[in-house]
Amino acid sequence: MIMEDEKEKHKHGRLRLVLVPTPFQGHLNPMLQLAATLESKGFLITIAQNRRLNSPNPRFDILSIEDKLSDEDMCSPDKPGIVLLLNANCEAPFQESLRKLIEEDEIGIGIGCIIYDESSYFAEAAAYNLKIRSMVFRTSNAITLLVRTTPTFRLRAQARLPLPDPMSREAAPEHPILRLKDLPISNFGSIQNFFKLLYIAMNIGSSKAIIWNTMTCLEDSSLTQFKQQSQVPIFAIGPLHKRVPVSLSTPSTFLEEDKSCITWLDKQSINSVIYISIGSIVTSSEKDIAEMAWGLANSRQPFLWVIRPGSVRGSEWIEALPEGFVESVGERGCIVKWAPQREVLGHEAVGGFWSHCGWNSTLESICEGVPLLCRPGFGDQKVTARFVSQVWRVGLQLDNEMERGEIEKAVKSLMVDEQGKEMRQRAMEFKLKAELEIREGGSSYNALNDLVELICSF
């Protein structure tokens with residue numbers, strides 16, 4: 001319920017924006033960070049919610065829509081198929097909810113714009129039907145979309161997809177820094193569904209702009225290519241998480257954060273701890289977990305390890321860890337179900353991050369000057385890992401089968417060897433550049449102001 005003084009504020013120029021996230025962790029967090037950023041600029045924010053959020057920001061209004069999918073459906077490895085089904089199910093109820101929102105608007109401010117995650121393209125169709133302006137928000141990096149729109153189409157035209165050898169180290173067409181194994185091609189579901197989603201991502205319909213959670217100090221050349229090709233303005237306003245203080249950020253995780261690990265970190269030496277988290281979707285086998293465990297133990301480095309419940313196939317939680325491991329590491333290791341990642345990466349004790357290289361995690365790590373040990377799972381993670389290790393040179397990639405000796409060597413290289421120190425220095429340089437980008441006069445700062453001006457001009 002909007003109070004009387006709030007009504008007066010809205011009458012004097014505040015616009016309502018409806019933001020439509022996709023209900024996967026890696027998509028949800030940046031959308032809510034965007035919401036908080038735009039709310040700080042004076043906009044009234046409504047979040048279209050088709051999955052339960054643990055702690056939605058009380059300052060945001062909620063527009064509930066029914067997606068008709070179960071939790072089991074959402075956990076399916078066939079992400080292209082689930083995204084297609086999600087969009088098919090949500091378009092009509094979302095449009096109806098928008099219509100009611102407009103009809104029940106007591107203040108008369110209407111909807112200034114709909115900003116939707118590129119994977120929730122049903123929102124663009126509904127916006128077009130109701131004659132509401134829309135913008136697309138891309139939560140992955142720019143290079144991934146470039147790679148998807150050249151090498152993958154080239155390979156498809158050559159009838160080379162699906163790849164006969166998914167682990168091929170052959171150079172990718174037009175992107176020799178990448179190998180065929182690094183291409184962001186879905187390993188699950190049909191290749192037809194993958195390309196159907198790709199075509200949709202490339203076609204933004206009637207949307208008036210593209211918003212990107214990235215920064216020019218990492219992706220200037222890729223963003224320049226898109227700007228040259230695009231018929232609408234492109235706004236690179238990342239890193240969004242740095243615009244929202246940790247104390248004010250909306251906890252959007254589907255898992256409860258265990259903050260006791262911060263107390264453990266407080267007892268560790270500066271840059272001594274390697275933090276391990278493979279994200280909210282990636283799963284591991286018992287064999288891989290055993291090799292990870294003994295590789296970490298043999299490295300003798302302190303570690304904070306996030307083992308998500310259900311992330312080890314065939315296991316509920318840590319019962320898959322090898323016998324004797326917990327006793328052998330003692331106080332040198334801390335294992336939690338989920339961690340407050342931004343606080344962890346910002347802690348002075350953390351000197352490295354073993355990551356799946358999701359784009360949010362990569363940005364968060366680089367923006368804290370923390371080098372990465374990359375073990376990508378699928379999709380854009382593979383492209384990002386390659387750029388982290390080969391282009392930005394702020395990390396190492398675990399490229400082969402999981403083997404404890406190789407893991408031990410990689411952890412030591414990252415945490416104590418000269419190679420790791422050089423990567424940490426480069427990461428610190430990117431951290432400083434990222435801070436400059438969001439300050440007055442920086443490219444991200446200017447892009448955000450330009451975005452606000454465009455929305456206000458509607």
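Buried means under 20% relative accessible area, exposed means over 50%, and partly exposed lies in between (1.4 Å probe, protein chains only). All views show a predicted model, in which local features need pLDDT of at least 70, side-chain atom pairs count only at pLDDT 80 or more, and totals for chains, interfaces and linings use all residues. Residues are numbered from 1 along each chain as its sequence is written, and side-chain values use heavy atoms, with hydrogens and water left out.

**View A. Helix α15 (residues 380-390) is largely enclosed by the rest of the structure.** Of its 11 residues, 10 are buried, among them Lys382, Arg386 and Phe387. The cover over the buried residues of α15 includes α6 (142-149), β7 (175-179), α14 (359-366), β14 (372-374) and β15 (395-397). Helices (H or I, at least four residues) and strands (E, at least two) are DSSP runs, numbered from the N terminus.

View B. Arg386 is buried at 14% relative accessibility, and Asp182 is buried at 2%. Both belong to a network of salt bridges that also includes Arg169, Arg179, Lys181 and Asp399.

**View C. Asp61 and Arg16 form a salt bridge between two strands.** The side chains meet at 3.4 Å, N to O. Asp61 lies in β3 (residues 61-64) and Arg16 in β1 (residues 16-20), so the pair ties together parts 45 residues apart in sequence. Asp61 is partly exposed at 27% relative accessibility, while Arg16 is buried at 7%. The whole structure holds 16 salt bridges.

**View D. Cys217 sits in helix α9 (residues 216-229).** Cys217 is partly exposed, with a relative accessible area of 23%. Leaving aside residues up to four places away in sequence, Cys217 touches Phe430, Lys433, Ala434 and Glu437, where contact means heavy atoms within 4.5 Å. Cys217 and Phe430 are 213 residues apart in sequence, yet 7.4 Å apart in space, C-alpha to C-alpha.

Technical notes: A salt bridge is a side-chain nitrogen of Lys or Arg within 4 Å of a carboxyl oxygen of Asp or Glu.
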